[in-house]
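Here are some notes on the strand pairing and on one helix. Please read them with the model open.

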Amino acid sequence: MGSRLSAFWNHKRVLVTGGAGFLGSFVVERLIREGVAPARIAVPRSREMDLRNWADCVKAVHGVDIVIHLAARVGGIGFNRKFPGTLFYDNAIMGIQLTEAARRENVEKFVTVGTVCAYPKFTPVPFREEDLWNGYPEETNAPYGIAKKALLAMAQAYRQQYDMNVIYLLPVNLYGPKDNFDLDSSHVIPALLRRYLEAVHEGKDEVILWGTGSASREFLYVEDAAEGILLAAKEYDKPAPVNLGSGQEITIKDLASLVAELTAYRGKTRWDTTKPDGQPRRCLDTTRAKKEFGFQAKVELREGLRKTIEWYKEAHHGATGKSGCS
Ligand SMILES: NC(=O)c1ccc[n+]([C@@H]2O[C@H](COP(=O)([O-])OP(=O)(O)OC[C@H]3O[C@@H](n4cnc5c(N)ncnc54)[C@H](OP(=O)(O)O)[C@@H]3O)[C@@H](O)[C@H]2O)c1
């Protein structure tokens, strides 16, 4: 796929907002592998350019050909319950202002990265893009999901009125090396990995997990997601949103068993059913991404988990940063 992408990126100046984050760092790495000179890739950090400010958005898009908008405030279920206002405001305002600034700058292409959390709570599985507006999202991640979904309406409106080339992608839950392992804000996979690895390390014989374990999720390895985003940036120029996923559904209970096996945890797992499960089921229909720009996930869950565990063991013995929805 390297050569399919490379010619397109030649001579392009690319802005990757959130490019120092979990997904962003893989997108930047991939752009460099495609031959884009690091000097042509701008990665604004929030401490220098706060994209909630209009002037910083204008500065960020100046002289840019392509924008990949990944900057966001994101977190797992606990974070979503604690900071719904921040999640709504920051994600809406960053996306709205950056899109408008990019329009005024005549940016050639704008890639908005949304989220699976935008789907209605009871979407028929697998989630098809046509069902996106057929109901309210699961309550705990609704402010985050709706703020991001508003950017889809904006993308389509700007294409219609201004002929601006904005595309909109909907990645499922991501995981992989460099993920956020802070238990206050992490997603399900890093949270599980950390709990089991710590239990093994400390010789504990019980791990307590949130919910009933009956909810299901789908996971996409972060390098696959980065490849999907760059393929779409190059090959997809239509208003309809596109799911990015692996198409593989797994219950949280089965995922926990798999993580326990891969971390060599031998104790018990207890479910704290006073805590919420989040959305009951999640799994995307991935046919549109395959048809429109030939994207198909490559990394199997077991292999991706193994790589993530390896990375964590080598690099990461404490708590860190940040991370989308539950
Ligand atoms: N992780 C997932 O499972 C998942 C799933 C679906 C969709 N997504 C989407 O993928 C994108 C990346 O997610 P991620 O997990 O990689 O998140 P992340 O690691 O938290 O990275 C987000 C980045 O956004 C930047 N940012 C936040 N507020 C900002 C502000 N006010 N101004 C400028 N930059 C700001 C941060 O930059 P600094 O580091 O400089 O502060 C941070 O590095 C997001 O749009 C998210 O909604 C993620």
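Which residue is the bridge partner of Phe110 in S5?

1. That partner is Val166. The model is predicted: local features need pLDDT of at least 70, side-chain atom pairs count only at pLDDT 80 or more, and totals for chains, interfaces and linings use all residues. Residues are numbered from 1 along each chain as its sequence is written, and side-chain values use heavy atoms, with hydrogens and water left out.

2. Strand S4 (residues 109-113) runs parallel to S5 (residues 166-171), joined by four bridges. Pairing needs at least two DSSP bridges between the strands. Helices (H or I, at least four residues) and strands (E, at least two) are DSSP runs, numbered from the N terminus. From S4 the chain passes through helix H6 (residues 142-162) to S5, a right-handed β-α-β crossover (clockwise from the first strand over the helix to the second, with the strands pointing away from the viewer).

3. S4 also pairs with S3 (residues 66-69), again parallel and with four bridges. Here Ile68 stands opposite Val111.

4. Five of the five S4 residues are buried (under 20% relative accessible area, 1.4 Å probe, protein chains only; exposed is over 50%, partly exposed in between). Lys109, Val111 and Val113 lie on one side, Phe110 and Thr112 on the other.

5. In helix H3 (residues 54-61), Asp56, Cys57, Ala60 and Val61 are buried. They line one face, because they fall within an arc of 125° seen down the axis (directions from the helix axis to the C-beta atoms). Ala55 and Lys59, on the other side, are exposed.

6. The cover over the buried H3 residues includes S1 (14-17), S3 and helix H5 (84-104) (contact: heavy atoms within 4.5 Å). Just after H3, Gly63 has a positive phi of about 75°.
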